[in-house]
Amino acid sequence: MNPRPFSLPLSREQFAAATRAGLGRALMHVAQHGAEGVDDLIVDCCLRDPTFDPQCECARGPWIGEIAVAAGLGDIVAEKVAAALRRGPDDACAGPGYLCGVALSLARRGHDVARAALYEGLKPDDDQLAFFAADEIVELDGIAGLLHVAEQIGAWLSANPGSQLHCSPLDSFVGRFTRNEAELALAAAVESRTPVRAYLDHLKEAEARRASPGDQRAARAAELRGMSVDDVVRGIESAALRRVPIGWVRQAPVDALREFAERMHCEQDPSRLGCYLRAFAHRAVPDLDARLLRLADHADSAVRSAAHRALALYRDRQVRALALRRARAGRHREHELQLFLNNRIPGDWARLRTWLRWPTDENDIHWALMDLLDVFQSDPTDEAVEPLLIVSERTPCSACRSHAVERLVKLHRAPDWLIEECRFDVDERTRTAVGTAAF
Ligand SMILES: [Zn+2]
């Protein structure tokens, strides 16, 4: 692999790809070479979330805002983000949650238009379960921000009795100030800022309603213990269960698991078969069943994928043979790489790297690289270095990159260029990981 896979300045295409992936090189490019030729891309990213997987990855807004300011586009972007927040969600821009992240980044860097937009944007979401901009205002202004948020939400709660917000801007700021500091400040403000009382009462009621995490876990464990194989099979057949609860699979007695496997092997419908099989990705029945191996050649792609993941749990020469066959054929879009998880021997990477055929679809690439990460993440030898570097370079997902970088740092094998770039990565964990690395 190229010892340093990029050079600055980036081309327009490389810059677009780097902002989408959250790679530090996008910020480095702007800091060293300005925004000429990419300024429209930056403004666009500030209004439209480019994140590959917003559900799994960290919020992209603050990082994009940082790039905009470094590019000298802070004023333009602040105006546009403020206008978009005022306008409300539409097809031309991301939702308020994303825009508030961009605005926070700009406000922190002295853009008062963005600060005002956050304060103006403090309002309940469509479901009236949370308040947009609440977290950002407290993040920006600390205790003063918290008092403002508490007062505004308290006033809204008084005007909308019976509302049950899911958020608690007390819990969001651990690290910025302690919960105790926040509670003391709020208690002191009750006399002079009446609506704060309504906010505090609401928090107290919400806390009383909420069962403790321990109680919730115990109740769920009892519920899962009470589920028989028949219950689970009925759930699959009636489509009431879209996935078998992992907790049930993990705690089921071995005999129940064997019976569940037998019921699976009687199933013909590919969608139900896939549902059974996905349960066995979390726990294997002792002794490899030849019928499970045959499912790896099923006509249905989803069944084959699930069978590969179930087979990956076995250390077995037949599974290794299948892993090699699939890899040699350049097949890794259906979790075939997982087959190496327990069936790899030293030196396999040298073969694997010549067989890998990366898919073109971004989702397929993400899954294949996640599998590669799983296979090499716990390998303490130098053989893991190149696959981990490939994951960090090619994954479209900043969360996967973070895992690969953390591992490379732990192995003391993160190259200097990677450490340098990761200091500007979108993901705080990646930045932290290299903060402790030699440079
Ligand atoms: Zn990922």
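The model is predicted, so local features need pLDDT of at least 70 and side-chain atom pairs count only at pLDDT 80 or more, while totals for chains, interfaces and linings use all residues. Residues are numbered from 1 along each chain as its sequence is written.

The axes of H4 (residues 61-70) and H6 (residues 96-108) come within 7 Å and cross at roughly 45 degrees, which makes H4 oblique to H6 (angles under 35 degrees are roughly parallel, over 145 roughly antiparallel, 65 to 115 roughly perpendicular, and the rest oblique). Among the residues that meet here are Ile64 and Val69 in H4, and Val102 and Leu104 in H6; two residues are in contact if their C-beta atoms, placed from the backbone, lie within 7 Å.

Turning to H6 itself, ten of its 13 residues are buried, so the helix is largely enclosed by the rest of the structure; buried means that 20 or more other C-beta atoms lie within 10 Å of a residue's own, these atoms being placed from the backbone. Tyr98, Cys100 and Leu106 are among the buried residues of H6, and the cover over such residues includes H4, helix H3 (39-47) and helix H8 (134-159). Just after H6, Gly110 takes a positive phi of about 90 degrees.

Terms used. Axes fitted to C-alpha atoms, helices over the stretch in contact; angles between N-to-C directions. Helix = DSSP H or I, 4+ residues; strand = E, 2+ residues; numbered from the N terminus. Buried ≥ 20, exposed ≤ 12 C-beta atoms within 10 Å, placed from the backbone.
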